[in-house]
Amino acid sequence: MTFAETAYAAIMEAAARAAPNEACGILLGHGTRILTALPAANVHPEPLRHFEIDPAMLIAAHKAARAGGPAVLGYFHSHPNGVARPSATDRASASGDGRVWAIAAAGEVSLWRDGPSGFEPLSYALDDG
């Protein structure tokens, strides 16, 4: 995958701004290229340890994609006191839909494919978008 540096920076900024709560948002792009990380409100009732992307924002992103905008490639969230890999909670929440999950923690972002048999790590290269 390729990951626009601006998208990477947006995830790191959202994570820093939300701490100690989890940040979350939507990954937009085309094919295997993440162009934008769109921060969203975390509407989960326990945002210190969980995330739920604002459903209105998610619906709007899917509508924009159907109208010719960038595709919803996946989602991002942060683990303010954890590591940049899927937690047990993440694994329980996963749907196996093939979307990309970006997880920010400890100054880094990792990418994972939410596959039918669980999360698979993805490698990526940063580019200038």
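**Strand pairing and an aromatic cluster**

Modeller: In this predicted model, Leu28 stands opposite Thr36 in β3.

Colleague: What makes strand β2 and β3 a pair?

Modeller: Two strands pair if at least two bridges are found between them. Strand β2 (residues 24-30) and β3 have seven bridges, in the antiparallel sense, and therefore meet that condition. In their hairpin, two residues lie between the strands, and Gly31 takes a positive phi near 60°.

Colleague: How do you know that β1 pairs with strand β3 (residues 33-40)?

Modeller: Two bridges join these strands, which run parallel; the requirement is at least two, so β1 and β3 count as paired. Thr2 has Arg33 in β3 as its bridge partner.

Colleague: How many aromatic pairs are there, and why is the pair of Phe3 and Tyr8 called edge-to-face?

Modeller: The count is five aromatic pairs. The ring centres of Phe3 and Tyr8 are 5.7 Å apart, and their planes stand at 70°.

Colleague: Which part of the chain does Tyr124 bring to its pair with Phe3?

Modeller: Phe3 and Tyr124 are also edge-to-face, at 5.1 Å centre to centre and 75° between the planes. Phe3 lies in strand β1 (residues 2-4) and Tyr124 in the loop between β7 (118-122) and β8 (125-127), 121 residues apart. Ring pairs link Phe3, Tyr8 and Tyr124 into a cluster.

Notes
Residues are numbered from 1 along each chain as its sequence is written. This is a predicted model: local features need pLDDT of at least 70, side-chain atom pairs count only at pLDDT 80 or more; totals for chains, interfaces and linings use all residues. Side-chain values use heavy atoms; hydrogens and water are left out. Rings of Phe, Tyr and Trp (its six-membered ring) pair if their centres lie within 6.5 Å; planes under 30 degrees apart count as stacked, over 60 as edge-to-face and the rest as tilted. Helices (H or I, at least four residues) and strands (E, at least two) are DSSP runs, numbered from the N terminus.
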